[in-house]
Amino acid sequence: MIFNNVDFDTYFKKYPDVNGYFGKYGGCYIKPELQKAMEEITDAYFTIAKSTRFISELRRIRREFQGRPTPISHLERLSDYIGNGVQLYVKREDLNHTGAHKLNHCMGEALLAKYMGKKKLIAETGAGQHGVALATAAAYFGLECDIYMGSVDIKKQAPNVARMKILGANVVEVTHGLQTLKEAVDAAFDAYANEYHDAIYCIGSVLGPHPFPMMVRDFQMVVGIEAREQFVGMTGELPDAVVACVGGGSNAAGMFAGFLNDPVDIYGVEPLGRGPKLGDHAASLKYGTEGIMHGFNSIMLKDENGEPAPVYSVASGLDYPSSGPEHAFLHTLGRVKYDVVDDNETIDAFYKLARLEGIIPAIESAHAVAYGMKLAKEMGRGHILINLSGRGDKDMDYVIEHYGIPEIKR
Ligand SMILES: *Cc1c(COP(=O)(O)O)cnc(C)c1O
């Protein structure tokens, strides 16, 4: 399929290019001493990770450890509730081991580290979801794991800190600055610059310098490939629309990859938070401009000094001031439409999915469900497939405390 002069038959061979660019977005903007480390990972990825041995090992792990393939569920009662004939479906990444899609790329990154002879995995974490997934992968492969985390986040995310420690990871407290994600990123990168002979840095989304946006997408592609085959098997046709939430953009990149070359409308959903004022949302593609941060060129939200702006979302996994370079590219191209839902629409969808379908979604994923419900009302007919990126156990206390429990209507 050709769209805006891009031939999607050969898309994955051409994007990113050898320097890690999706159009003008992407690249590798880091300290010279780490350039070499990135090149080493890129080379290893193209030799090791494309070998049949690596691929069959990863397939075995996905089946035997992660519980893949994850199913697709038809949301019959939610579809009836909307009531115009549109049928909603969800790809159940909440049923992937550890309860979200993140383990898909963490297992890939850790397997690559093992084949490269590295002994340690290094990463930062904000809400702790990436830290838990990576600590799980490290335990599985017998690797050491250092997770950098700001003191403020350590206090806020006690259950995830406990999970990481139980799994044997070393949680390194970052005590300077605002003591949150940004400082943790800097501390983790500094540590990596000292330890890259024995360690590998594992980025938690389709972000950072090349080759990470490509590698993480490729490891997540299993979601879209499975979903396409399952959906056609269930319904005999392709969905009319595919929807996923976008923080950094890894679950969306994986899901979309399965459908880019099909006549399917694709929607990425960003968090509008409390509203369109800078600081109240994290809708970087909708409101941002081109810029470089954390090692790559993309579309980002900037403050008055051109630095990454403070962002907010009810979903801590979505509050990042940029999105992966591939999303910036697909947005500019128009192949994927990026739109927003706010906190209230999200919490409404959170409870609708719980009460009509028996699935408690992650608040991140509830953004995609909320948008799917809006889209269903507009479309009037057809099938919508939503990526349910994770389960909501981690969010229950927060939702009850801040939004209460709606009355039961009989
Ligand atoms: C981290 C997270 C996200 C956001 O990350 P992406 O890279 O945009 O996918 C979405 N959903 C869940 C459940 C997460 O844990």
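The centres of domain 1 and domain 2, taken over C-alpha atoms, are separated by 24 Å in this predicted model. The domain assignment of the protein chain places residues 30–63 + 102–213 in domain 1 and residues 68–99 + 220–403 in domain 2; such bounds come from an automatic or database domain assignment. The contact between the domains takes 18 residues from domain 1 and 22 residues from domain 2, where contact means heavy atoms within 4.5 Å. Residues are numbered from 1 along each chain as its sequence is written, and side-chain values use heavy atoms, with hydrogens and water left out. As the model is predicted, local features need pLDDT of at least 70 and side-chain atom pairs count only at pLDDT 80 or more, while totals for chains, interfaces and linings use all residues.

The ligand lies between the two domains, because both domain 1 and domain 2 give residues to the shell around the ligand. There are 17 residues around the ligand, and Lys102, Ser205, Gly249, Ser250 and Ser389 come nearest; a residue is near if one of its heavy atoms lies within 4 Å of the molecule. The shell consists of four nonpolar, 11 polar and two charged residues. In this division Ala, Val, Leu, Ile, Met, Phe, Trp, Tyr, Cys and Pro count as nonpolar, Asp, Glu, Lys and Arg as charged, and the others, Gly among them, as polar.

Oxygen atoms of the ligand are found 2.8 Å from a polar backbone atom of Gly247 and 2.7 Å from a polar backbone atom of Gly249. An N or O atom in the side chain of Ser250 is 2.6 Å from an oxygen atom of the ligand. On its own, the ligand has 380 Å² of accessible area, of which the protein covers 97% (Shrake-Rupley method, 1.4 Å probe).

Ser389, one of the residues that come nearest to the ligand, is found in the loop between strand E16 (383–388) and helix H16 (396–403). Helices (H or I, at least four residues) and strands (E, at least two) are DSSP runs, numbered from the N terminus. With a relative accessible area of 4%, Ser389 is buried (under 20% relative accessible area, 1.4 Å probe, protein chains only). Residues that Ser389 touches, not counting those up to four places away in sequence, include Glu93, Asp94, His101 and Ser365.

His281 is found in the loop between strand E12 (265–273) and helix H12 (284–287). His281 also counts as buried, at 1% relative accessibility.

Methods: Polar contact = N/O pair within 3.5 Å; in protein donor to acceptor, adjacent residues only side chain to side chain. Buried < 20%, exposed > 50% of the residue type's maximum accessible area, 1.4 Å probe, protein only.
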